[in-house]
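Dear colleague,

Please find below the structure for your work. A summary of the findings follows it.

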Amino acid sequence: MFFVKVLEHRIHLHPSFFGAQASDYILDQLYRDREGSNTGTMMIVAIIDVDDISEPKIVPGSGYAEYDVSYRAIVWRPFRGEVVDGLVSSVVNNGFFVDVGGLSVFVSKAMIPPQLKYTVEGATPSFTDGVDQTVERGSQVRLRIKGIRGEMGQMFAIGSIREDYLGPLLQ
Amino acid sequence: MAGPTMPQSLSRRRPAPTGDEEATNILKLGDMTDTPALSVAECKVLLEQLASKGGRGTSNSDVYTKTREYVDMFARFKDPKTVTQVDAISSGLLMKGLTHFERAQLATLCCDSPDEARTLIPSLENKLTDEELQDVLNDISKLRDFS
């Protein structure tokens, strides 16, 4: 789920940058550090604008100036139990991987309705019931996120399509 | 190493433990509670506006590129004016006790029936009557872009 969140970041500026363009350097540093980062629970997609840059405080002993920057950003955060749409990136015999933005969700065989069976046609593996529902690479699927694990810089998730109204979307 | 333990009040207060957030029948959104949420179409419009403003609008990071592709593919409403209309319709629901999360989910998932909406968004149970929900879903479907 996308949110617009106010976040804070602490930036250290080297004394060689003290001057008229200090605020530009700070913004550059902010964008470089935070935009596109993955904190393990959420992803910062884009910074919208900066609310406030605090007064600088010199760090004793090192000469760097410390700024607290408050900014608004679009963040993406998945929740356990949330229903999302995604694109299937690969199919293996135990299940398939779905890309939901920057997160890769694994749907295992236990979380797939029994009608969808693993079949390999030519070189393309897929889960299909032979009639109208097929899940293969490039299909759009609606799934429910069942569990999320986050580490610094990466998120892993598992999902399920074994409920009403979930599964491959009609293109 | 044994020793006297520090009383709670003298140690630095830790941030609240995370890990129990969920969006099932009850919404426990942690520090995202009360944060304005965006549906996929709204996010697409916002990202396009930021990119066209120039300056530092875009980035080359993996997360950004994948997100742009994702919202382009899954946005149900392509036109910014339509997105504003959908926002107006679904914002009326905030007065009726829906949270930001539920409002954005309704605008993203575009359900056909109240039953589907209640199944996909379990916390919606008992917040709206079938009639009110069907009205909102009809209004949103009328604006959907089938191109």
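In this predicted model, chain A holds an open sheet of three strands, with antiparallel pairing and the order S8-S9-S10. Its edge strands are S8 (117-121) and S10 (134-135) of chain A, each of which pairs on one side only. Strand S9 (residues 124-128) of chain A is joined to S8(A) in the antiparallel sense over five bridges. Val120(A) is placed opposite Pro125(A) in S9(A).

Turning to the nonpolar cores, the largest comprises 62 residues, and those with the most contacts inside it include Phe2(A), Ile74(A) and Leu106(B). Helix H1 (residues 40-52) of chain B gives the most to this core, namely seven residues. Beyond its neighbours within four places in sequence, Phe2(A) is in contact with residues of both chains, among them Val45(A), Trp76(A), Leu38(B) and Tyr70(B). A second, separate core of 25 residues includes Met42(A) and Phe101(B).

As regards the interface, 41 residues from chain B and 40 residues from chain A take part in the contact. The area buried between the two chains is about 3700 Å², and carbon and sulfur atoms give 65% of this. Met32(B), Arg56(B) and Tyr70(B) lose the most area on the chain B side, together 19% of what that side buries.

Five salt bridges are found across the interface of chain B and chain A. In a salt bridge between Arg77(A) and Asp31(B), the closest N and O atoms are 3.4 Å apart. Helix H2 (62-74) of chain B gives the most to the side of chain B that touches chain A, with eight residues.

With kind regards

Key. Residues are numbered from 1 along each chain as its sequence is written. Chains are lettered from A and ligands numbered from 1 in the order in which they are written. This is a predicted model: local features need pLDDT of at least 70, side-chain atom pairs count only at pLDDT 80 or more; totals for chains, interfaces and linings use all residues. Side-chain values use heavy atoms; hydrogens and water are left out. Two strands pair if DSSP finds at least two bridges between them. Helices (H or I, at least four residues) and strands (E, at least two) are DSSP runs, numbered from the N terminus. A nonpolar core is a set of buried Ala, Val, Leu, Ile, Met, Phe, Trp, Tyr and Cys residues joined through side-chain atoms within 4.5 Å. Buried means under 20% relative accessible area, exposed over 50%, partly exposed in between (1.4 Å probe, protein chains only). Contact means heavy atoms within 4.5 Å. Buried area is the accessible area (1.4 Å probe) that two parts lose on being put together, summed over both. A salt bridge is a side-chain nitrogen of Lys or Arg within 4 Å of a carboxyl oxygen of Asp or Glu.
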